[in-house]
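Dear colleague,

Please find below the structure that I am handing over to you, together with its sequence. My notes on it follow.

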Amino acid sequence: RVREISAHFEHHSRYVGHVRDKITVNFTLIEKRYIKSMDCFAVYGSDDNDNLLFYWAKTLDKVCESGKISGRIKDHKKDEYRNNANVTVLNYVKVL
């Protein structure tokens, strides 16, 4: 199911903003995974414009299911696990 939802965004996703910009977006969760070796959650979702976003969350209260988040753009990358989709990587994310 996650693969199906993700495939919808993979071809249309664009990078959001510029590296080091601070942004606030409406976020919809696609997938979250606990990564034991990093001791945190990998959070993957989209904004209102169908752009893919990714960030790390140390605790579950930092994982946004649906709503506004703010954060600083850390990087723009092609995600090899998502058919080289354009993904904006965020840092210092706050759930609003």
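Predicted model: local features only at pLDDT ≥ 70, side-chain atom pairs only at ≥ 80, totals over all residues.

Arg20 is exposed because its relative accessibility is 65%, where exposed stands for over 50% relative accessible area, buried for under 20% and partly exposed for what lies in between (1.4 Å probe, protein chains only). This residue sits in the loop between α1 (2–10) and β1; helices (H or I, at least four residues) and strands (E, at least two) are DSSP runs numbered from the N terminus. Although Arg20 is not a glycine, its phi is positive, near 80°.

Residues are numbered from 1 along each chain as its sequence is written, and side-chain values use heavy atoms, with hydrogens and water left out.

Strand pairing

Two strands are taken to pair if DSSP finds at least two bridges between them. β1 and β2 run antiparallel and are joined by 7 bridges; in one of these pairings, Glu31 has Tyr44 of β2 as its bridge partner. The two strands form a hairpin with 4 residues between them, and Asp39 in the turn has a positive phi of about 55°.

Strand β2 (residues 40–46) is in turn joined to β3 by 6 bridges, again in an antiparallel arrangement. Here Gly45 has Leu53 of β3 as its bridge partner, and Val43 stands opposite Tyr55 in β3. The β2 and β3 hairpin has 5 residues between the strands, with Asp50 taking a positive phi near 60°. β3 also runs parallel to β5, with 3 bridges joining them, and in this pairing Leu53 stands opposite Thr88.

Since 7 of the 7 residues of β2 are buried, β2 is largely enclosed by the rest of the structure.

Nonpolar cores

A nonpolar core is a set of buried Ala, Val, Leu, Ile, Met, Phe, Trp, Tyr and Cys residues joined through side-chain atoms within 4.5 Å. The largest such core has 16 residues, and those with the most contacts inside it are Phe27, Val43, Tyr55, Ile69 and Leu90. At least two residues of this core come from each of β1 (22–35), β2, β3, β4 (66–79) and β5. With 4 residues, β1 gives the most to this core. Another core, of 9 residues, lies apart from it and includes Ala42, Tyr44, Ala85 and Val89.

Contact is used here for heavy atoms within 4.5 Å. Leaving aside neighbours within four places in sequence, Phe27 is in contact with residues including Val43, Leu53, Tyr55, Cys64 and Ile69.

Ile69 lies in strand β4 and is buried, with a relative accessible area of 0%. Not counting residues up to four places away in sequence, Ile69 touches Phe27, Tyr55, Leu90 and Val93, among others. The C-alpha atoms of Ile69 and His8 are separated by 22 Å, the two residues being 61 apart along the chain.

Two residues of β5

What is the relative accessible area of Thr88? Thr88, a residue of strand β5, has a relative accessible area of 0% and therefore counts as buried. Beyond residues up to four places away in sequence, its contacts include Arg14, Tyr15, Leu53, Ile73 and His76.

Tyr92 is also placed in strand β5, but this residue is exposed because its relative accessibility is 64%. Its phi is near 55°, a positive value in a residue other than glycine.

The second largest pocket

On a 1 Å grid over the protein atoms alone, a pocket is an open set of points where a 1.4 Å probe fits, with protein on both sides within 12 Å along at least five of seven lines; lining residues have an atom within 4 Å of a point. The second largest pocket holds about 240 Å³ of space, a volume being the space filled by probe spheres set on grid points that are joined across faces, edges and corners. Its lining includes Cys40, Tyr55, Trp56, Lys74, Val89 and Tyr92. β3 (52–57) and β5 (85–95) each supply at least two lining residues, and the largest share, 5 residues, comes from β5.

Yours sincerely
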